[in-house]
Amino acid sequence: MSAGRLVVWGALAAILAALWWLPSWAPYFYIFVATEVLILGLFAGGFNLVFGYTGMLSLGHAAFFGFGAYISAMLLLHLQTPLILALLAATAGGGLLALLIGFFCVRLTEVYFTMLTLAFGMMVFSIAQQWRSVTNGSDGITGFTVGDFGIGLDLVLGNPAVFYQVTLVVVVLAAALLYLITISPFGLILRAMGENPERVAFTGIPVRRYRLYSFAISGTFSGLAGGLFAPFTRVASPDMVHWAQSAEPVLMSILGGSTTFLGPFVGSAIFVLLETWITSFTDRWMLFLGIVLALMVMYLRRGLFGTAVDWLRQRRTRSS
Amino acid sequence: MQTFVAALLNSLDLGILLFVIAVGLNIIFGVLNVINFAHGALYMLGAYCAYTAIGLLGLPFWLALVAAPLVVAAVAVVLERLMLHRIYDRSITDSLLLTFALLLIIDESVRWIWGTSIHIVDPPVGLRGTFTVFGAQHPVYSLFVMAMGVLVGVGLWLFFTRTRAGKVMRAAASDRKMSRLVGINVPLVFTGVFALGAGIAGLGGVVAAPMRAIGPAMGANIIVESFIVVVIGGLGSFPGAFLGALILGAIHGFGSRFLPDLNLVLPFIGMAVVLLLKPHGLMGRPAT
């Protein structure tokens, strides 16, 4: 292992350790902020499999995130299932919905694909808002409690610090799996499709089917993120399915950098911290968001983390 | 018969409005190769300008009909010069992202300036009240909406086929490099096209103001609808936009009367069916 890699893994281990013991050194409020960063980071990381790797912009990912949140909330409310079951169901649900919606969306590329994801996402939003007997309309699903975690673990999930650590473990495991997918031969094919789909098609790979796989896997991780988000906020509401929610992983990926694996996670941290800070003195968060997105797209397309990584790499090649 | 005629008239109202929005979307896409996610927001801006002019300042409707699209077009010129013109050479994803950012900015600005409450504007004197055909009552104003739709359609067709400016725009759309060589100021044309498309969206907003409630969600709603229209009709096709708009209008008009439970998902089912049978829309050509 080269010295450079050792530094990267060492830094990662140090960050994870700091995150694990965060409840013992950070103020109480930041436990909530960190939980949100982790969950939305997973959402953005899953989204970026489609966006950064496969090169398709989806504006409907809130459908899978929100579906996961509703599944998790309803299982906890009606069946009082252990959390792990709710999470697994949310994961499966997100993946299945992505498979269904993706079946239509991947038939077309680029602009059409983006328009379709937005339209189907809004369909799921309308259903969440108007199918009152099941989804409780715009009030959403509330009043559930988070009991056991399951698999014999004795955890007090009502304690935010414990819930945070559970979230950390789940997100790190999921992110590790996602990383393995991105460096697998399958992940390399996705990346090649992002760069040049025609050439990939010439090698005999069924591009459309791989697009669908990418979309469904991405939806699976989004579903898991949603499944964690509902027990965290104690509500599953139509807001989580709205296109404004779909905009969040887009922004996080752009902020952090869509060309690196960790970019969306870093973007999530920047996003949530900015949101916490901005909303403390103005309600115009969305306006601010739009301006930041526009500036990033125009001047810093590779993202803050991506640009930093580029800069470090350049420096290293120059010095060696 | 009565319910059928009523449903038909409702379908036409909505279809014509959707046509006006979708045609602007198509013009911008056809020339700039940009899908304008902020198109619905510009339509909303037009409606709010109309509300300000008619409801707050007490100006006549006809003045608002001329002034509001000009205001929206002026906003569009600023946005194009400041932001959009920087990304024409980049991948299409960047233009999607940038117009999406514009959507957030305009949407939130509208909320900031006008608040979140719902407003209503009265139709102009002479277009109030209702008329009756086959026992179905319908607002007189909808006749004006249909006339405006025809006017916009015919006007644009004449503009693009008969006038010099229209031909220049088409030239810039088909070959940017060649247009530049023969002395066309392509950046200026692009600014003009974006302003034209935005102005039509603003016009749609004014026309819609007296028949639809003016609220902060109207932009997001119409953009989803107009995407369905161009997916059904075919992106970049004028007749496609017309056909798609009428089909979606009919889905809403008849669906809400005869299949009220399914009304919400019917447009998406229609879109899915078209996608399966003709992936590039009824009148669209496969992208090259």
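**Exercise 1.** At what angle do the axes of helix 4 and helix 12 of chain A cross, and within what distance do they come?

*Solution.* The model is predicted: local features need pLDDT of at least 70, side-chain atom pairs count only at pLDDT 80 or more, and totals for chains, interfaces and linings use all residues. Residues are numbered from 1 along each chain as its sequence is written, while chains are lettered from A and ligands numbered from 1 in the order in which they are written.

Step 1. Helices are DSSP runs (H or I, at least four residues), as are strands (E, at least two), and both are numbered from the N terminus. Helix 4 of chain A covers residues 62–79.

Step 2. Axes are lines fitted to C-alpha atoms, for helices over the stretch in contact, and angles run from 0 to 180 degrees between N-to-C directions. The two axes cross at roughly 110° and come within 8 Å.

Step 3. Angles under 35 degrees count as roughly parallel, over 145 as roughly antiparallel, 65 to 115 as roughly perpendicular and the rest as oblique. Helix 4 of chain A is therefore roughly perpendicular to helix 12 of chain A.

Step 4. Two residues are in contact if their C-beta atoms, placed from the backbone, lie within 7 Å. Helix 4 of chain A contributes Ala62(A), Phe65(A) and Gly66(A), and helix 12 of chain A contributes Trp243(A), Gln245(A) and Ser246(A).

Step 5. Ala, Val, Leu, Ile, Met, Phe, Trp, Tyr, Cys and Pro count as nonpolar, Asp, Glu, Lys and Arg as charged, and the others, Gly among them, as polar. This contact has three nonpolar, three polar and no charged residues.

**Exercise 2.** Describe how helix 12 of chain A packs against helix 13 of chain A.

*Solution.* Step 1. The axes of helix 12 and helix 13 (residues 263–278) of chain A are 7 Å apart, at an angle of about 105°. Helix 12 of chain A is thus roughly perpendicular to helix 13 of chain A.

Step 2. Residues in the contact include Leu251(A) and Met252(A) from helix 12 of chain A, and Phe265(A) and Ile270(A) from helix 13 of chain A. By class there are nine nonpolar, five polar and one charged residues.

**Exercise 3.** Which helix of chain A gives the most to the side that touches chain B?

*Solution.* Step 1. The contact between the chains involves 32 residues of chain A and 31 residues of chain B.

Step 2. Helix 6 (110–130), helix 12 (243–256) and helix 14 (285–299) of chain A each supply at least two residues of this side of chain A. Helix 6 of chain A gives the most, with 14 residues.

Step 3. The residues of this side of chain A are 24 nonpolar, four polar and four charged.

**Exercise 4.** How many helices and strands does chain B have, and how do its strands run?

*Solution.* Step 1. Chain B has eleven helices and two strands.

Step 2. Two strands pair if DSSP finds at least two bridges between them. Strand 1 (residues 130–133) and strand 2 (residues 136–139) of chain B run antiparallel, joined by four bridges. Thr130(B) has Pro139(B) as its bridge partner in strand 2 of chain B.

Step 3. Two residues lie between the strands of this hairpin, in which Phe134(B) takes a positive phi near 45°.
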